[in-house]
Every structure is written in structure tokens, then in C-alpha cells.
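Here is a structure to read through questions and answers. Each answer sets a value beside its definition.

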Amino acid sequence: LFPLLALCSYDWASICDLRIPAAAPTHNLIGMAGDWFAYTGYQLIGLGVWSVPVLCVYIGFRLVLGKTFHPGRRTLGVTLFIFSVTCLLQVADSSPIVPPSLRDLILRIQRDLNIEPNAGGAVGYLVMTRCLAYHLAPFGASVLMFILVGISLLVIAGPRNIISAIAQLTDW
């Protein structure tokens with residue numbers, strides 16, 4: 001619940017590095033810690049920081065239902081997924097793959113959160129803008145990241161689950 005509330009009530013004007021004087025008192029439901037969590041997350045992985053509350057809710061539901069959580073292969077897959085989505089967000093404004101309506105939405109969110117022009121944060125900027133998009137062009141870099149998204153989803157689901165799903169679909 002902490003990361004979700006921190007991100008939902010984030011106001012960039014409460015961060016003293018972004019506005020002098022900072023808005024006081026903070027409007028974040030978690031307080032100054034919530035503002036700094038959201039600010040740091042947006043700076044590191046951009047809009048990909050919204051995966052943190054989703055992961056926390058997923059792990060929490062598994063634990064509440066009595067299922068164990070074993071980090072391993074799936075953790076690697078989730079990390080690869082977050083990385084590739086963060087990189088895709090970085091080039092969303094210049095990639096021809098992204099529909100104009102989604103591009104406009106991402107740009108509006110960037111302006112509202114004061115993270116323009118890096119929707120992918122530092123990771124997206126360094127990997128996509130400075131490296132892959134420069135060498136492969138935004139389209140080629142986007143294709144590479146879409147392939148990584150697919151691979152990460154395969155790693156998360158696991159070969160046994162994929163084969164059993166295909167078997168169930170063919171029996172249906």
C-alpha cells in the first residue's frame with residue numbers, strides 16, 4: 001500500500017530539489033518519505049516505477065492466500081520486463097510504433113509529473129537515448145525491446161505452464 005499511496009499522491013512541488021521553496025506541508029499521504037520515494041523512482045526508472053505497487057500487491061496476495069513466494073527465475077523475468085518497458089517508455093515519443101493517442105498521453109503525464117523528457121528515467125535515458133536509439137534508430141531499438149518483453153513474459157510464465165496452456169487450448 002505504501003508505494004501505491006506514495007505514487008498516487010505525489011506532488012513534485014513538495015521536493016526541495018525541484019522547487020524553491022518547496023510546498024509545505026507535503027500533500028503526499030505517506031509524507032515526505034512518500035514524496036522522496038516517488039521522486040527517486042521517477043528519476044531512476046521513470047513511469048516504470050508504477051510496476052512497484054503492482055508487484056507488491058501481487059506478492060501480498062500470494063502471501064495472504066498461503067502460497068509461498070520463491071524469488072528466482074520469475075524475479076529475473078520481472079526485472080527484464082520492467083527494464084524493457086522502461087526503455088520502451090523512453091522512446092515512446094519518437095517511435096513510429098506508438099499510436100499518436102498513446103504518445104500524447106505519455107507526454108501529458110511527463111509534463112504533469114515534471115519528468116520531461118525522460119519517461120524512462122535514468123535507465124531509459126542511458127540505455128535507449130544514449131546507446132540503442134543512437135545506434136539502431138528508435139524503431140530498431142523499440143523492436144529489440146518488444147522482443148525482450150516477449151522473452152521476459154516467457155521466462156515469467158515458464159515453459160511447463162506454456163505447454164500445459166497450449167495443451168488445454170487444443171483439447172478445448
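This is a predicted model: local features need pLDDT of at least 70, side-chain atom pairs count only at pLDDT 80 or more; totals for chains, interfaces and linings use all residues.

Q: What makes a residue part of the lining of a pocket?
A: Lining residues have an atom within 4 Å of a pocket point. On a 1 Å grid over the protein atoms alone, a pocket is an open set of points with protein on both sides within 12 Å along at least five of seven lines. A cavity, by contrast, is a set of points where a 1.4 Å probe fits but cannot get out. The second largest pocket has 15 lining residues, and the closest to its centre are Trp50, Ser51, Val54, Phe81 and Ile82.

Q: What is the volume of the second largest pocket?
A: It is about 250 Å³. A volume is the space filled by probe spheres set on the grid points, which are joined across faces, edges and corners.

Q: How do the residues of that lining divide by class?
A: Twelve are nonpolar, three are polar and none is charged. Nonpolar covers Ala, Val, Leu, Ile, Met, Phe, Trp, Tyr, Cys and Pro; charged covers Asp, Glu, Lys and Arg; the others, Gly among them, are polar.

Q: Why are helix 2 and helix 6 called roughly parallel?
A: The axes of helix 2 (residues 32-45) and helix 6 (residues 121-157) cross at roughly 10 degrees. Angles under 35 degrees count as roughly parallel, over 145 as roughly antiparallel, 65 to 115 as roughly perpendicular and the rest as oblique. Helix 2 and helix 6 are therefore roughly parallel to each other. Their axes come within 1 Å. Axes are lines fitted to C-alpha atoms, for helices over the stretch in contact, and angles run from 0 to 180 degrees between N-to-C directions.

Q: Which residues make the contact of helix 2 and helix 6?
A: Helix 2 brings Tyr42, Gln43, Leu44 and Ile45, and helix 6 brings Gly121, Ala122 and Val123. Contact means heavy atoms within 4.5 Å. By class, five of the residues are nonpolar, two are polar and none is charged.

Q: Why is Gly34 called buried?
A: Gly34, in helix 2, has 0% relative accessibility, so it counts as buried. Buried means under 20% relative accessible area, exposed over 50%, and partly exposed in between (1.4 Å probe, protein chains only). Leaving out residues up to four places away in sequence, Gly34 touches Phe2, Ala6 and Asn28. Gly34 and Ala6 are 28 residues apart along the chain, yet their C-alpha atoms are separated by 4.5 Å.

Q: What makes Gln110 buried?
A: Gln110 sits in helix 5 (residues 100-113). Its relative accessible area is 2%, so Gln110 is buried. Beyond four places in sequence, Gln110 touches Ile115, Glu116, Pro117, Asn118 and Ala119.

Q: Is Ile106 buried or exposed?
A: Ile106, also in helix 5, counts as buried because its relative accessibility is 9%. Its contacts beyond four places in sequence are Leu47, Leu89, Ala92 and Ala119.

Q: What is the peptide bond from Glu116 to Pro117?
A: The bond is cis, with omega near 5 degrees. Pro117 lies in the loop between helix 5 and helix 6. Most residues other than glycine have a negative phi, and most peptide bonds are trans.

Q: Why is Asn114 called partly exposed?
A: Asn114 has a relative accessible area of 33%, so it is partly exposed. Asn114 is placed in the loop between helix 5 and helix 6. Its phi is positive, about 60 degrees, although Asn114 is not a glycine.

Definitions and conventions: Residues are numbered from 1 along each chain as its sequence is written. Side-chain values use heavy atoms; hydrogens and water are left out. Helices (H or I, at least four residues) and strands (E, at least two) are DSSP runs, numbered from the N terminus.
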